[in-house]
Amino acid sequence: VQPLQAVLYRPLSAELMKQVAITYTNKVLSEEGTIQPIPIPSSVFIPAADGRLRVGYLSADFKDHPVAKRMQDVYGLHDRRRTRVTCYCLNANDGSKWRNKIESSVERFVDLHVVLAQEGTAGVASRIARDEVDVLINLAGHTRGNDAVTVVMARRPAPVQLMHEGYAGTMGGAEHTAHMTDRISSPPEYEGHYVEKLLYMPDCFFVNDHRQTYASLRDDVAVEGVEKARRLAYGSLPPDIPFLFGAFNQLHKIEPDIWDTWMEAMRNAPWAHLWLIKIHSRDAELNLKARARQLGVEEERVHVVQGYNEEEHLYVKAAADLFLDTPSYNAHSTGCDVLWSGTPLLTIPGDKMGSRVAASLNRAIGCEETTVRTEDEYAELAVALAKGKKGLRRRKECVRAGKRLAPLFDTGLWVRNQERALRMAAEVSFAHPHGSSGVPGDRKFHIVVSKRE
């Protein structure tokens, strides 16, 4: 079972998810045959001659892909006086604007997809090792088409290797020194869910590029943005809906329990409508509407729209009054979209990383009132906000203020905090003796980056 499929499609326990990851990693590595880790030249962290920390990002998704979109400005925002950044790319150039933006903004972009095809993962690892990278970051994890990244990491081309961003869960192997996360997404009491140590970012580990990429939805044009959103959205929805719940996560995240909770809220707020997108199965749409009827909700109040283009999708999210999150696997990129559009996000954190990211987003924007503990509280707050204009207005004002003042959308601040985190990871890992696996800092402890500004 592929771990990403397991975490998306089944409400598995965190312990079982960990075992799935361990089993899958072992399978991927065994299929590669004998893997000889590259010897680490020193047990002491020695910066480059110019004093800069040498950081590498490894992925097969430097293309039209959610991670590339979220991080397109991150690479260029690094402080070149202190950090040398290299992107190691395992995919062919797709010609997308995101690939072009990354290539033009990062200090070094190394395309290794031909090396991978001709020399395999050993050739890729050797090429990275020759650059004497201090910290290598896996941006892919157990996502589709990235098994080669896992194998490269297992060859240990860098002394400190981190998992970050692409996959919300443990990798299940000894190839990663730590997993970059935050205290909401991965509370210390859940450390047993991870094989890796935890590297805690001070705000939210999940980075985004909305302030740079979607400047047209800044707070000072929020009213204009909402008006445009309603014009676009109401081209597909009935006009003059009194209250609109938005549920923009993909179909496979919508489980029966949360659908029933949504219907409970709809039944208790009979003037409200529910807006879904990205349901590409007519049978699934019919099944959802049939369940709505069974629970006393008119199917005419459930609207399915098949999506919008790249320029429109953020504007239309501003037309929703309240976003309803999926507890099993939250809105991650979509959660950032929703909050940047000015719409409050209602969520319930679970016990797995993928089910806690939306709560971390709410905390990082300073609007934790819409993070609740139970499905009963979820339905009650949804109905209360549908009934009470004042309470909804206050939460929308919180989101709009957070867009300006809170850390969530401050990509520059995120990069500065990450640079401190990476240097701490290098220094702390090398400060401890090798464990039985031969990985620096093998002992299980965590690294916490404190707030600075």
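In helix 7, the residues Val149, Thr150, Val151, Val152, Met153 and Ala154 are buried, where buried means under 20% relative accessible area, exposed over 50% and partly exposed in between, with a 1.4 Å probe and protein chains only. Helix 7 spans residues 147–154, and six of its eight residues are buried, so it is largely enclosed by the rest of the structure. Helices (H or I, at least four residues) and strands (E, at least two) are DSSP runs, numbered from the N terminus.

Before we walk on, a word on what you are looking at. This is a predicted model, in which local features need pLDDT of at least 70 and side-chain atom pairs count only at pLDDT 80 or more, while totals for chains, interfaces and linings use all residues. Residues are numbered from 1 along each chain as its sequence is written, and side-chain values use heavy atoms, with hydrogens and water left out.

What covers the buried residues of helix 7? The cover includes helix 2 (14–32), strand 1 (53–59), helix 6 (113–130), strand 4 (135–138) and strand 5 (160–163); contact here means heavy atoms within 4.5 Å.

Eight strands form an open sheet in the order 3-2-1-4-5-6-7-13, and the pairing is parallel; two strands pair if DSSP finds at least two bridges between them. Strand 3 and strand 13 (447–448) are the edge strands, each pairing on one side only. Helix 5 packs on this sheet, touching strand 2 and strand 3, and its direction makes about 125° with that of strand 3. Helix 7 packs on the sheet too, where it touches strand 1, strand 4 and strand 5, at about 145° to the direction of strand 1. For these angles, axes are lines fitted to C-alpha atoms, for helices over the stretch in contact, and angles run from 0 to 180 degrees between N-to-C directions.

Strand 2 (residues 83–89) and strand 3 (residues 108–111) run parallel and are joined by four bridges. Thr86 has Arg108 as its bridge partner in strand 3, and Cys87 has Phe109.

Five strands form an open sheet with the order 10-9-8-11-12 and parallel pairing. Strand 10 (302–305) and strand 12 (345–346) stand at its edges with a single partner strand each, so one side of each is left without a neighbour in the sheet. Inside it, two bridges join strand 8 (residues 243–247) to strand 11 (residues 322–324), and Phe245 stands opposite Leu322 in strand 11.

The largest nonpolar core has 81 residues, and Tyr57, Phe62, Tyr75, Leu199 and Trp275 have the most contacts inside it. A nonpolar core is a set of buried Ala, Val, Leu, Ile, Met, Phe, Trp, Tyr and Cys residues joined through side-chain atoms within 4.5 Å. Helix 17 (residues 411–430) gives the most to this core, with six residues. Domain 1 (3–208 + 417–448) and domain 2 (215–405) both give residues to this core, so it lies between them; the domain bounds come from an automatic or database domain assignment. Apart from it lies another core of 33 residues, among them Met263, Ala269, Leu295 and Tyr378.

Finally, visit Asp203, in the loop between strand 7 (197–200) and helix 8 (210–213). Asp203 counts as buried at 11% relative accessibility.
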